[in-house]
Amino acid sequence: MIKNHMAYCNSNNLKIAAIGFGWCWDMTWQNSPGGGTDPVYNVRWAGSSEGGPDGSSIWGLDAEDYALTSNHVCMDTYLNATMEYINFCLSNGYSTKVFFTTGPVDGGGNTGENGYQRALKHEYIRNYVKSHSNLILFDYADILCWNNSSEEATTTWNGHTYQVIHPDNMRDYVNETNGDFTTTTDHTEDGDHIGEVGTLRLAKALWWMLARIAGWDGNP
């Protein structure tokens with residue numbers, strides 16, 4: 001379906017500049033950590049795989065994790081699909097850039113074992129992209145774990161330190177004077193993952209990524 005969509009757009013003067021998968025809480029929700037403990041990471045996997053061949057169940061990183069999750073869906077499913085789209089564009093001469101993404105770092109399962117296994121999934125995506133010289137990553141997760149003062153938010157579980165969303169990025173703007181925004185002092189997220197502060201951080205990062213794809217060298 002995605003390939004047909006890209007083909008239709010490229011054949012009808014509706015060229016897509018860039019496309020990437022927008023995660024929801026797929027890595028953490030519906031199914032809490034369960035199954036067997038991964039011997040490499042010492043964690044149980046969680047998440048949902050709605051529409052998957054084994055139904056909606058917990059999922060891990062690679063095919064070997066089927067023994068722990070009883071689910072053929074894993075992070076490699078996402079990576080392989082994204083590579084399929086990249087190769088599809090290359091083989092058809094489309095200028096569309098397909099980019100990888102990490103997921104949300106807020107909401108249920110933000111901490112504890114659930115949050116840690118999600119952090120491992122994010123790092124798995126990063127390592128895959130880093131292992132190739134020509135891939136693009138929009139690191140949604142990392143962007144939201146820092147505030148505008150370059151402070152990183154982390155937590156720990158079972159001796160492991162990992163990123164969580166910075167509370168500043170859950171806040172909304174309450175007024176604007178001469179271009180200077182004032183934020184609320186408490187969390188005001190209203191069910192859509194993040195507040196306006198986090199939204200603006202993501203917008204700036206997306207602008208940067210698209211500008212670099214378009215040929216900007218990153219210099220002012």
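In which loop is S150 found? In this predicted model, S150 lies in the loop that runs between α5 (140-144) and β4 (154-157). Its backbone has a phi near 60 degrees, a positive value in a residue other than glycine. S150 counts as exposed, because its relative accessibility is 58% and the cut-off for that class is over 50%. A second residue with a positive phi is N13, for which the angle is near 55 degrees; N13, too, is a residue other than glycine. N13 is placed in the loop between α1 and β1, and with a relative accessibility of 70% it is classed as exposed. For context, a negative phi is found in most residues other than glycine.

The secondary structure of the protein chain consists of 6 helices and 7 strands. Along the sequence these elements follow the order α-β-α-α-β-α-β-α-β-β-β-β-α. The radius of gyration of the chain is 19 Å, close to the 17 Å that the globule rule gives for 220 residues, so the chain is as compact as a globular protein of that length. Taken along the principal axes, the box filled by the C-alpha atoms is roughly 55 × 50 × 30 Å. Of the 220 residues in the chain, 41% are buried. The accessible surface comes to about 11,800 Å², and carbon and sulfur atoms account for 51% of this area. Among contacts between residues at least 6 apart in sequence, 52% join residues that are at least 24 apart.

The loop between β1 and α2 (66-69) contains S48, and L61 is placed in the loop between β1 and α2 as well. S48 is buried, with a relative accessible area of 7%. When neighbours within four places in sequence are left aside, S48 is in contact with D26, W29, Q30, N31, S56, S57 and W59. One of these partners, N31, is 17 residues from S48 in sequence, and the C-alpha atoms of the two are 6.1 Å apart.

L61 is likewise buried, at a relative accessible area of 2%. Not counting residues up to four places away in sequence, L61 touches Y41, W45, C74, M75, D76, L120, K121 and Y124. The pair L61 and Y124 is separated by 63 residues in sequence, with a C-alpha to C-alpha distance of 7.5 Å.

Pockets were also examined. Rolling a probe the size of a water molecule over the atoms shows where empty space is left. The largest pocket has a volume of about 580 Å³. Its lining is made up of 25 residues, and those that lie nearest the centre of the pocket are F21, W23, D26, T77 and Y78. The elements giving two or more residues to this lining are α1 (2-11), β1 (18-20), α3 (75-92) and β2 (97-101). The largest share comes from α3, which provides 6 residues. By class, the lining of the largest pocket holds 15 nonpolar, 8 polar and 2 charged residues.

Key: Residues numbered from 1 in each chain as written. Predicted model: local features only at pLDDT ≥ 70, side-chain atom pairs only at ≥ 80, totals over all residues. Heavy atoms only, no water. 1 Å grid on protein atoms, 1.4 Å probe; cavity = no way out; pocket = protein on both sides within 12 Å on 5 of 7 lines; lining within 4 Å. Points joined across faces, edges and corners; volume = space filled by probe spheres on them. Helix = DSSP H or I, 4+ residues; strand = E, 2+ residues; numbered from the N terminus. Nonpolar A, V, L, I, M, F, W, Y, C, P; charged D, E, K, R; others polar. Rg over C-alpha atoms; globule rule 2.2 N^0.38 Å. Buried < 20%, exposed > 50% of the residue type's maximum accessible area, 1.4 Å probe, protein only. Contact = heavy atoms within 4.5 Å. Areas by Shrake-Rupley, 256 points an atom, 1.4 Å probe, with all protein chains shown as cover.
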